[in-house]
Amino acid sequence: RGALCRKRLNAMQSAIILLQNYTRAMLQRRRYRRFLSGLIAFQATVRGVLERKSSVILRSVVSVQSHLRSFSMRSRYIKTRTCIILIQKTFRGMQAKTLMNRLHFCATSIQ
């Protein structure tokens with residue numbers, strides 16, 4: 001009778017230990033899942049902050065590039081315009097000089 005009781009006690013103890021192991025494992029998995037979901041939320045927050053920061057930097061870079069391009073094009077336009085005005089001025093001066101020479105020739109011919 002004592003051996004049978006010990007056998008039952010051992011079987012119950014091993015069943016209890018097995019149940020405790022399963023319970024601990026389940027609780028540990030639950031803690032790990034909570035930790036993992038918290039970690040994923042933290043990563044998402046950090047990535048969002050970094051993305052917004054890089055977006056601000058990118059917008060600043062694009063703005064600087066735009067201003068530089070605008071300045072460059074404006075300078076190029078002014079240089080081209082100045083050259084065109086110089087060519088027009090020279091051509092008009094030549095025309096006026098030719099006209100004056102003709103008029104002078106005509107005036108001297110008549111006299």
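These legends walk through several views of one predicted model.

View 1. The title holds in simple terms: the chain has 1 helix and 0 strands. How does the radius of gyration of the chain compare with that of a compact globule of 111 residues? The chain has 47 Å, whereas such a globule would have a value near 13 Å.

**View 2. The surface of the chain comes into focus.** What share of the 111 residues counts as buried? The share is 1%. The chain exposes about 10800 Å², and 66% of that area is supplied by carbon and sulfur atoms.

View 3. Isoleucine 40 belongs to helix H1, which covers residues 2-110.

**View 4. Here is a positive patch made of arginines.** Look for Arg29, Arg30, Arg31, Arg33 and Arg34, which together form a positive surface patch. Two of its members, arginine 29 and arginine 34, deserve a visit. Arginine 34 sits in helix H1. Is arginine 34 buried or exposed? Arginine 34 is exposed because its relative accessible area is 57%, and exposed means over 50%. Arginine 29 is also found in helix H1. Arginine 29 has 45% relative accessibility, so this residue counts as partly exposed, a class that lies between the 20% and 50% limits.

**View 5. Now follow the chain from arginine 29 to arginine 69.** Along the sequence, these two residues are 40 residues apart. How far apart are arginine 29 and arginine 69 in space? From C-alpha to C-alpha, the distance is 58 Å.

**View 6. The last stop is arginine 74.** You will find arginine 74 in helix H1. Why does arginine 74 count as partly exposed? The reason is its relative accessibility of 47%, because partly exposed residues fall between the limits for buried, under 20%, and exposed, over 50%. From arginine 74, look along the chain to threonine 108, 34 residues away. The C-alpha atoms of arginine 74 and threonine 108 are separated by 50 Å.

Conventions. Residues numbered from 1 in each chain as written. Predicted model: local features only at pLDDT ≥ 70, side-chain atom pairs only at ≥ 80, totals over all residues. Heavy atoms only, no water. Helix = DSSP H or I, 4+ residues; strand = E, 2+ residues; numbered from the N terminus. Rg over C-alpha atoms; globule rule 2.2 N^0.38 Å. Buried < 20%, exposed > 50% of the residue type's maximum accessible area, 1.4 Å probe, protein only. Areas by Shrake-Rupley, 256 points an atom, 1.4 Å probe, with all protein chains shown as cover. Patch = residues over 30% accessible without salt bridge, like charges linked within 9 Å, V, L, I, M, F, W, Y side chains within 5 Å. Salt bridge = Lys/Arg side-chain N within 4 Å of Asp/Glu carboxyl O. Lys, Arg positive; Asp, Glu negative; His and termini not counted. Charge placed at Lys NZ, Arg CZ, Asp CG, Glu CD.
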